[in-house]
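Have the structure open on your screen, and try each task before reading its solution.

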Amino acid sequence: MAYFQVFKLYICIQNSFLLKNITKLIFCCFLTVFTCQAAFEFDSKTANYDLSGHIGLFTDQSQKLSIDDIKLKNFQLNSKSNFNLGYSNANFWFKTELRNTDILNETFAISIEIPLLSRLHFYLYDQNGNLIKKLITGSETAYKTREEGMRHFMFSFSPIPNQKYTLYTLAHNDFGTTNVPFKLDKKANILQFYQKETFFLELFQGLLIVCFVITLALFLNFKDKVYLFYAIYIFAVFCSRITIFGFMFQYLHPENPEFIPITKIVFILVMATSFINFVPLVLSSQIKYFIRTQKFFYIQSAIYLSLLVYTISPFRSLFSTDFNRYLINFMNFNFLLSIILILTMVYKSLKHNYKPAKYFALAISPLMFIMIYLMLNNYSVINLTGIIYSYPFEIGFSLEISLLFGALINRYKIIMNEQKLDYETKIKTFEMQFQKNQEPIEKYQHSKYSNVEIIENHKLLQNYMQQHKPYLNPEINLTNLAEQLNIHHNLLSQVINQLENKNFFDYINSYRIAEAKAMLRSDKFNTLSAEGIGYECGFNTKATFYATFKKITGFSPAEYKKAEMLEI
């Protein structure tokens, strides 16, 4: 057991090196994945047909106009193909004029790479006004309504060469912003890109699972809450991303689309709650400098938990869609408050030269920048395109999760240094104690057991004696107590001799007399005689109990009880 304790201490000291290499490996993996993903994204952008300037937009605020009504409306031609329409309760209609100028018949497809639009309807008309194809889909309908089983929305068609076609598209989103990025390409190209994107997204999710398992293992090893909250945070990131990218809808509940918006918000709130509890723990050594700031973190955590309870409660259905939009706006506002609180905490930690805060600031900066950037995009302040628009949080989370391990490593080093100093202090204290009793030191001067082992096993012995009370067993001896502790009897003897300055039986009897004194003072044992109490405490004979009691206390059991009653 003592060898195990020393080995565990050695492993703990070496773990910072292990964590550092794990961090480098994770960072390189994430970087490789998204370098390749960026390359494929660039390739897809250059390969497809540009619809910029060919899409008209009409906004139906009433949500009551049918396709026949829409065909009579005037559409405002737009210079872009990527539409960000913010938080709105309107139906957005798009009109696109299409013509196949190739001689060969090809199958084309319109792709919209946003898996969670509530409603998405496609209506394709030929040049004579005849309806050629209709598709009613969206995250409000079952997953099977999507073409080719894709998580993205796709509408394929085979236009006759040199004929003109008109495509009307309805887009509406109840939860979140209405983003509609149109992409036109040959169907085979879209399916190929979709397969590549799916592979890299699944690889990203796999790396998140690896990070979760590593962090959970750290928590189980060190029992430190910072790793628990970080593990919950990574798990919530994983679940929120597979929900937003449609994997959860595709594999877990394809026939129950009503769970999609709830699941999305739940995991975002779990992510926010765990992170807001994680931050003060990472910067825990600096807490004394900003107790007031910490209180705001508790308030933020309570707000997120309240929103979480509301989201999963049956009362949510009593409120309108507009109320849910106000709720999303409130969440965005609360996220900004959280960012301000976190930055305040980091700034104060940096002022006190707390090294983990430097890594923490470096880790969260990209994600916070992306969050603010996306909020501006969602409220139509700016218009994003490219990989930052397509995979913003994947980029942010990759950098953040990798670099936060650096902050945890530095925090771990600080804790281990403090524990090392604590061990050194204990050793010096006990060495001073040894010097007062030269006989044990001379006796054990060639012992194979180190001071660290003696100290650790003394602590183990004390805890075991207090919790399990083996001294109550009259048959207890050095060998069977050592077996119970899973240590060698020679080590147990040295621990008792050196640190208690007693032999084994004097040590056991000291606990028995302490137990007897407690029983003599208690009214619960008034029916027991002094001899009976002696037997209850592990003594075999009345004579041994009386002699030992007199030796340790200076009184007989009866005299001790009488003295205690007089004091009362």
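Predicted model: local features only at pLDDT ≥ 70, side-chain atom pairs only at ≥ 80, totals over all residues.

Residues are numbered from 1 along each chain as its sequence is written, and side-chain values use heavy atoms, with hydrogens and water left out.

**Exercise 1.** Classify the aromatic pair formed by Phe75 and Tyr168, and work out which parts it ties together.

*Solution.* Start with the rule: rings of Phe, Tyr and Trp (its six-membered ring) pair if their centres lie within 6.5 Å, and planes under 30 degrees apart count as stacked, over 60 as edge-to-face and the rest as tilted. A search of the whole structure gives 25 aromatic pairs. For Phe75 and Tyr168, the centres are 6.0 Å apart and the planes make 55 degrees, so the pair is tilted. Next, place the residues, using helices (H or I, at least four residues) and strands (E, at least two) as DSSP runs numbered from the N terminus. Phe75 is in the loop between helix H2 (67–70) and strand E2 (76–78), while Tyr168 is in strand E9 (residues 164–172), so the pair ties together parts 93 residues apart in sequence. Finally, check burial (buried means under 20% relative accessible area, exposed over 50%, partly exposed in between, with a 1.4 Å probe and protein chains only). Phe75 is buried at 17%, and Tyr168 is buried at 6%.

**Exercise 2.** Describe the pair of Phe278 and Phe360, then find the cluster around it.

*Solution.* The pair is tilted, with 6.5 Å centre to centre and 40 degrees between the planes. Phe278 belongs to helix H6 (residues 259–282) and Phe360 to helix H9 (residues 355–378), so parts 82 residues apart in sequence are tied together. Both Phe278 and Phe360 are buried. Together with Tyr230, Tyr233 and Phe275, they form one aromatic cluster.

**Exercise 3.** Which ring does Lys183 lie over, and which does Lys542?

*Solution.* A charge sits over a ring if NZ of Lys or CZ of Arg is within 6 Å of the ring centre and within 35 degrees of the ring normal. Lys183 lies over the face of Phe193, 4.2 Å from the ring centre. The charged end of Lys542 sits over Tyr546, 5.4 Å from the centre of its ring.
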